Amino acid sequence: MEANGIVLSPDPRLRQECAVIEEITPAIEALAEKMKKMMFDNGGCGLAAPQIGELIQLVTIDCDYSDKNDYDPYVLINPVIVETAGEQTGAEGCLSIPNEFGVVQRPDYVKVRAQDRHGAWFEVEGRGLTARAFCHE
(Lines give C-alpha, C1' and ligand atoms only; values in the text may rest on other atoms or scores of the structure.)
Protein backbone atom coordinates (compact mmCIF):
# COMPACT_ATOMS: atom_id res chain seq x y z
CA MET A 1 0.00 0.00 0.00
CA GLU A 2 1.17 3.54 -0.73
CA ALA A 3 0.17 7.08 0.20
CA ASN A 4 1.47 10.06 -1.82
CA GLY A 5 3.97 7.71 -3.47
CA ILE A 6 5.38 6.52 -0.12
CA VAL A 7 5.40 2.77 0.61
CA LEU A 8 3.53 2.15 3.87
CA SER A 9 4.26 -0.32 6.64
CA PRO A 10 3.94 -3.30 6.89
CA ASP A 11 5.14 -3.62 3.28
CA PRO A 12 8.01 -6.17 3.37
CA ARG A 13 10.20 -3.98 1.13
CA LEU A 14 10.74 -1.69 4.11
CA ARG A 15 12.63 -4.43 5.97
CA GLN A 16 14.71 -5.89 3.14
CA GLU A 17 18.44 -5.40 2.78
CA CYS A 18 19.12 -3.01 -0.07
CA ALA A 19 21.58 -3.47 -2.92
CA VAL A 20 24.77 -1.46 -3.20
CA ILE A 21 24.64 0.98 -6.10
CA GLU A 22 27.47 -0.16 -8.38
CA GLU A 23 27.16 2.61 -10.97
CA ILE A 24 25.66 6.06 -10.62
CA THR A 25 23.63 6.38 -13.78
CA PRO A 26 21.31 9.16 -14.98
CA ALA A 27 18.45 6.98 -13.68
CA ILE A 28 19.96 7.00 -10.17
CA GLU A 29 20.44 10.78 -10.36
CA ALA A 30 16.81 11.19 -11.47
CA LEU A 31 15.66 8.94 -8.63
CA ALA A 32 17.59 11.09 -6.12
CA GLU A 33 15.87 14.21 -7.47
CA LYS A 34 12.47 12.49 -7.27
CA MET A 35 13.19 11.47 -3.66
CA LYS A 36 14.18 15.04 -2.71
CA LYS A 37 10.87 16.32 -4.10
CA MET A 38 8.82 13.57 -2.47
CA MET A 39 10.49 14.14 0.91
CA PHE A 40 9.71 17.87 0.76
CA ASP A 41 6.16 17.35 -0.52
CA ASN A 42 5.47 14.90 2.33
CA GLY A 43 7.06 17.09 5.03
CA GLY A 44 9.81 14.64 5.91
CA CYS A 45 13.40 15.13 6.96
CA GLY A 46 14.63 11.81 5.57
CA LEU A 47 13.63 9.36 2.87
CA ALA A 48 15.22 6.05 1.91
CA ALA A 49 14.81 4.45 -1.51
CA PRO A 50 12.80 1.45 -0.18
CA GLN A 51 10.16 3.94 0.94
CA ILE A 52 9.42 4.56 -2.71
CA GLY A 53 9.79 0.91 -3.68
CA GLU A 54 13.44 0.92 -4.80
CA LEU A 55 15.61 -1.61 -2.96
CA ILE A 56 18.92 0.24 -3.31
CA GLN A 57 21.18 2.13 -0.89
CA LEU A 58 20.08 5.71 -1.56
CA VAL A 59 18.96 8.22 1.05
CA THR A 60 17.99 11.91 1.11
CA ILE A 61 18.13 13.88 4.37
CA ASP A 62 17.47 17.51 5.33
CA CYS A 63 16.43 18.31 8.89
CA ASP A 64 17.07 22.07 8.84
CA TYR A 65 14.81 23.52 6.17
CA SER A 66 11.91 25.85 6.85
CA ASP A 67 10.70 26.31 3.28
CA LYS A 68 11.67 25.57 -0.32
CA ASN A 69 14.20 28.42 -0.35
CA ASP A 70 16.53 26.74 2.16
CA TYR A 71 15.81 23.13 1.21
CA ASP A 72 19.07 21.41 0.20
CA PRO A 73 19.05 17.72 1.19
CA TYR A 74 22.05 15.49 1.50
CA VAL A 75 22.00 12.78 -1.15
CA LEU A 76 23.77 9.75 0.30
CA ILE A 77 24.61 6.86 -2.00
CA ASN A 78 25.78 3.63 -0.34
CA PRO A 79 25.86 5.29 3.10
CA VAL A 80 27.66 3.66 6.03
CA ILE A 81 27.72 4.92 9.61
CA VAL A 82 31.40 5.09 10.57
CA GLU A 83 31.27 6.79 13.96
CA THR A 84 28.75 7.52 16.73
CA ALA A 85 28.90 9.18 20.12
CA GLY A 86 26.58 10.19 22.93
CA GLU A 87 22.94 9.36 23.13
CA GLN A 88 19.55 10.97 22.84
CA THR A 89 16.07 9.66 23.44
CA GLY A 90 13.05 11.17 21.78
CA ALA A 91 9.95 10.79 19.67
CA GLU A 92 10.58 9.61 16.14
CA GLY A 93 8.26 9.32 13.19
CA CYS A 94 8.46 7.83 9.71
CA LEU A 95 6.80 8.76 6.44
CA SER A 96 6.05 5.05 5.95
CA ILE A 97 4.12 4.93 9.24
CA PRO A 98 2.09 8.16 9.08
CA ASN A 99 0.78 9.84 12.22
CA GLU A 100 2.58 7.42 14.56
CA PHE A 101 5.58 8.17 16.74
CA GLY A 102 7.71 6.03 19.00
CA VAL A 103 10.29 6.88 21.62
CA VAL A 104 13.67 5.73 20.32
CA GLN A 105 17.21 5.94 21.68
CA ARG A 106 19.81 7.01 19.12
CA PRO A 107 23.36 8.40 19.14
CA ASP A 108 23.56 12.20 19.49
CA TYR A 109 26.47 12.39 17.03
CA VAL A 110 26.84 10.36 13.83
CA LYS A 111 29.43 10.42 11.05
CA VAL A 112 28.40 8.86 7.73
CA ARG A 113 30.57 7.93 4.77
CA ALA A 114 28.77 7.90 1.42
CA GLN A 115 29.12 8.62 -2.26
CA ASP A 116 27.78 11.76 -3.89
CA ARG A 117 26.00 11.87 -7.25
CA HIS A 118 29.36 11.90 -9.02
CA GLY A 119 30.63 8.79 -7.24
CA ALA A 120 33.07 10.65 -4.99
CA TRP A 121 33.27 9.40 -1.41
CA PHE A 122 32.74 11.96 1.34
CA GLU A 123 31.96 12.08 5.05
CA VAL A 124 29.28 14.12 6.74
CA GLU A 125 28.59 14.62 10.44
CA GLY A 126 25.31 15.25 12.16
CA ARG A 127 24.12 16.01 15.67
CA GLY A 128 20.69 15.92 17.23
CA LEU A 129 17.89 15.46 14.71
CA THR A 130 20.29 15.03 11.80
CA ALA A 131 22.12 12.24 13.66
CA ARG A 132 18.75 10.65 14.37
CA ALA A 133 17.81 10.83 10.67
CA PHE A 134 21.15 9.31 9.58
CA CYS A 135 20.45 6.32 11.83
CA HIS A 136 16.77 6.02 10.96
CA GLU A 137 17.27 6.05 7.20
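## The chain as a whole

Helices, of at least four residues, and strands, of at least two, are taken here as DSSP runs and numbered from the N terminus. Counted in this way, the chain has two helices and nine strands, and the model in which they are found is a predicted one. Read from the N terminus on, the elements follow the order β-β-α-β-β-β-β-β-β-β-α.

How does the radius of gyration fit the length of the chain? For 137 residues a compact globule would have a value near 14 Å, and the chain, with 14 Å, agrees with that expectation. The C-alpha trace spans about 40 × 35 × 35 Å along its principal axes.

## The five-stranded sheet

Five of the strands form an open sheet in the order S3-S4-S5-S8-S9, and their pairing is antiparallel. Strand S3 (46-48) and strand S9 (121-127) are the edge strands, each of them pairing on one side only. On average, neighbouring strands in this sheet are turned by 35° against each other, with direction ignored. In general, strands of a sheet pair through backbone hydrogen bonds, in either a parallel or an antiparallel manner.

Where do the two helices lie? Helix H1 (residues 26-41) lies across S3, strand S4 (58-61) and S5, and it runs at about 35° to S4. Helix H2 (residues 129-136) also packs on the sheet, where it touches S4, S5, S8 and S9, and its direction makes about 125° with that of S9.

## The largest pocket

Rolling a probe the size of a water molecule over the atoms shows where empty space is left. The largest pocket found in the model has a volume of about 740 Å³. It is lined by 34 residues, and those closest to its centre are Leu14, Ala48, Gln51, His136 and Glu137.

Which elements supply this lining? At least two residues each come from S4, S5, strand S6 (88-94), strand S7 (97-106) and H2, and the largest share, four residues, belongs to S5. By class, the residues of the lining divide into 20 nonpolar, seven polar and seven charged.

## The second largest pocket

The second largest pocket has a volume of about 350 Å³. Of the 21 residues that line this pocket, Gly44, Cys45, Gly93, Cys94 and Leu95 are the closest to its centre. S6, S7 and H2 are the elements that give two or more residues to its lining, with S7 giving the most, five residues.

The lining of the second largest pocket consists of nine nonpolar, eight polar and four charged residues.

Terms used:
Residues are numbered from 1 along each chain as its sequence is written. This is a predicted model: local features need pLDDT of at least 70, side-chain atom pairs count only at pLDDT 80 or more; totals for chains, interfaces and linings use all residues. Side-chain values use heavy atoms; hydrogens and water are left out. Two strands pair if DSSP finds at least two bridges between them. Axes are lines fitted to C-alpha atoms, for helices over the stretch in contact, and angles run from 0 to 180 degrees between N-to-C directions. Contact means heavy atoms within 4.5 Å. On a 1 Å grid over the protein atoms alone, a cavity is a set of points where a 1.4 Å probe fits but cannot get out, and a pocket is an open set with protein on both sides within 12 Å along at least five of seven lines; lining residues have an atom within 4 Å of a point. Grid points are joined across faces, edges and corners, and a volume is the space filled by probe spheres set on the points. Ala, Val, Leu, Ile, Met, Phe, Trp, Tyr, Cys and Pro count as nonpolar, Asp, Glu, Lys and Arg as charged, and the others, Gly among them, as polar. The radius of gyration is taken over C-alpha atoms; the globule rule is 2.2 Å times the number of residues to the power 0.38.
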